[in-house]
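Trainee: Please take me through this structure by question and answer. Show it before we start.

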Amino acid sequence: MSKGKITVAGIGPGSAEDMTSAVLNAVREADVVVGYKYYFQFITSYLREGAQCIDTGMKKERDRAVQAFEFAESGKNVVVISSGDAGIYGMVPLVYEMKKERKADIEIVSLPGISAFQKAAALLGAPIGHDFCVISLSDLMTPWRTIEKRIVAAAEADFVTAVYNPKSNGRYWELYRLKELFLKVRTGRTPVGYVRQAGRPEQEMKLTCLKDFNPEDVDMFTIVVIGNSQSYEWNGHFITPRGYYREKNGEKGTNIGQEIMMESFATINRELHNPDIPVSRKWPLLHAIHTTADFEMEKWLYTDENAVPNLYQAILDGRLTTIVTDVTMAASGIRKAACQRYGIEVKCYLHDERVAEMAKAQNITRTQAGIRLAVEEHPDALFVFGNAPTALMELCDLMRKHKATPVGVVAAPVGFVHVCESKHMVKTFPNTEKIIIEGRKGGSNVAATLVNSILAYDDAKQLKPGRDV
């Protein structure tokens, strides 16, 4: 008697066009087809006359495998059908383990199919364009404590995550727990897409975000896909970029410095105490924390509503062409390439020879004198303070006298004398865009990085800093 053969075939998610030609040929040549009864509707029309169908109910995987071996050992050409890809939560591992257990001299062939998460991803757009993982929430054969460890690892490692078996009649709370765990390390705006009955007539899909994702919308026939920190929704599509368009307008791709900065921002974003804040505030906050490694910046950073995007728009409109800093250290930290790109001049008057004369004649500090001179020449500049509270107080006085009309103020002087008072003063000007490090904290490096967040605001939505590093 000739030996039989077992072919384990992934028939895809359910539509005829998603079955491979290799799988269809195997089904056509089969003497016996074994599978879960629900899936026979997808392959019946391809069976040859006389082919025997052995269909069983759910959770009868071992029974199906035993029957497949019994038919193969009698010389039959057996095809075991499995939805999606037979090797992904499918029948292939069981068939190989049973071959080992039975010491069966039967050839095993595995034919891959399009998995449900691949089909769901294609329908949603491009959510698995970068590193991803797949997790099943079924605890039928895996302890929940193990599943939870895998969920935490996937969330913390910033994997795009596809979720199989998210829910059943007897399992309802696990998906809620997964959402809870992801929200500990992912922003609530992380895209979430889910597809029910992918590729079948009953197909339904929805794109939302992690914060608004409702597990009650999901059943056992649904695949859920959760994005990573770079994923975004665009025009109804779920996209996880691979990195080809990290730069715009034909510029070169990212360098090592930018790669490090992007990774740092992703880390900071995951560790924020309150990540669900508008990007107009989050963008300068990420810059401030990146520069200081101080997460208390969440407490101390103040911005007027939309101050950063409004100042960026002022650059695009040609209203912001000059940046004045109180000290040279602040000026040196502002990205030169970005300023060149936008035609912005950065000036510091501290070492202007006129400043020393003015300071001596009027008995004021050199930084105060520098601001007085700057206001005479550039009253509508963006004024940036990272060191001298007396300079900020001078600007406030000139604004009260209507001699200065700055397009914006970055107020981050650091120290113990007059520092807090100077910041309270500048807050009183409602028609001037303000970014402030409140309290005693600040510094020239912080002031400069806040300016850089304005210059790079077009990269904010994708949290891709460091173009000019």
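Mentor: Contact here means heavy atoms within 4.5 Å. The model is predicted, so local features need pLDDT of at least 70 and side-chain atom pairs count only at pLDDT 80 or more, while totals for chains, interfaces and linings use all residues. Residues are numbered from 1 along each chain as its sequence is written, and side-chain values use heavy atoms, with hydrogens and water left out.

Trainee: Which residues does glycine 333 touch, not counting residues up to four places away in sequence?

Mentor: Glycine 333 sits in the loop between helix H11 (328-332) and helix H12 (336-342). Helices (H or I, at least four residues) and strands (E, at least two) are DSSP runs, numbered from the N terminus. With residues up to four places away in sequence left out, the contacts of glycine 333 are Ala448 and Asn452.

Trainee: Does glycine 333 count as buried, exposed or partly exposed, and why?

Mentor: Buried means under 20% relative accessible area, exposed over 50%, and partly exposed in between (1.4 Å probe, protein chains only). The relative accessibility of glycine 333 is 31%, so the class is partly exposed.

Trainee: What is the order of the open sheet of 6 strands?

Mentor: Two strands pair if DSSP finds at least two bridges between them. In this sheet the pairing is mixed, and the order is S14-S19-S18-S17-S15-S16.

Trainee: Which are the edge strands?

Mentor: An edge strand in this sheet pairs on one side only. That applies to strand S14 (301-303) and strand S16 (345-348).

Trainee: Which residue is the bridge partner of leucine 382 in S18?

Mentor: Strand S17 (residues 382-385) runs parallel to strand S18 (residues 408-411), and 4 bridges join them. S17 also pairs with strand S15 (residues 322-325) in the parallel sense, over 3 bridges, where threonine 325 stands opposite valine 384. On the S18 side, leucine 382 is bridged to glycine 408.

Trainee: Which residues cover the two faces of S17?

Mentor: S17 has buried residues on both sides. One side carries Leu382 and Val384, and the other carries Phe383 and Phe385.

Trainee: Is histidine 378 buried or exposed?

Mentor: Histidine 378 lies in the loop between helix H14 (366-377) and S17. Not counting residues up to four places away in sequence, its contacts are Thr322, Lys347, Tyr349 and Phe383. Its relative accessible area is 18%, so histidine 378 is buried.

Trainee: Which strands stand at the edges of the open sheet of 5 strands?

Mentor: The order is S3-S2-S4-S1-S5, with parallel pairing. Each edge strand has a single partner strand, so one side of each is left without a neighbour in the sheet; these are strand S3 (52-56) and strand S5 (107-111).

Trainee: Which residue in S5 stands opposite alanine 9?

Mentor: Strand S1 (residues 5-10) and S5 run parallel and are joined by 5 bridges. Opposite alanine 9 is leucine 111.

Trainee: At about what angle does H2 run to S2?

Mentor: Axes are lines fitted to C-alpha atoms, for helices over the stretch in contact, and angles run from 0 to 180 degrees between N-to-C directions. H2 lies across S1, strand S2 (32-36), S3, S4 and S5. Its angle to S2 is about 175°.

Trainee: What is the volume of the largest pocket?

Mentor: On a 1 Å grid over the protein atoms alone, a pocket is an open set of points with protein on both sides within 12 Å along at least five of seven lines; a cavity is a set where a 1.4 Å probe fits but cannot get out, and lining residues have an atom within 4 Å of a point. Points are joined across faces, edges and corners, and a volume is the space filled by probe spheres set on them. For the largest pocket that gives about 1700 Å³.

Trainee: Of the 50 residues that line the largest pocket, which are the closest to its centre?

Mentor: The lining of the largest pocket takes the most from H2, with 4 residues. The closest to the centre are Glu61, Tyr89, Gly90, Ser138 and Asn165.

Trainee: Which residues line the largest cavity?

Mentor: The whole structure has 2 cavities of 30 Å³ or more, and the largest has a volume of about 40 Å³. Its lining consists of Arg335, Ala338, Asn452, Leu455, Ala456, Gly466, Arg467 and Asp468.

Trainee: Which element gives the most to the lining of the second largest cavity?

Mentor: The second largest cavity has a volume of about 30 Å³. Its lining includes Thr325 and Tyr349. With 4 residues, the element that gives the most is H14.
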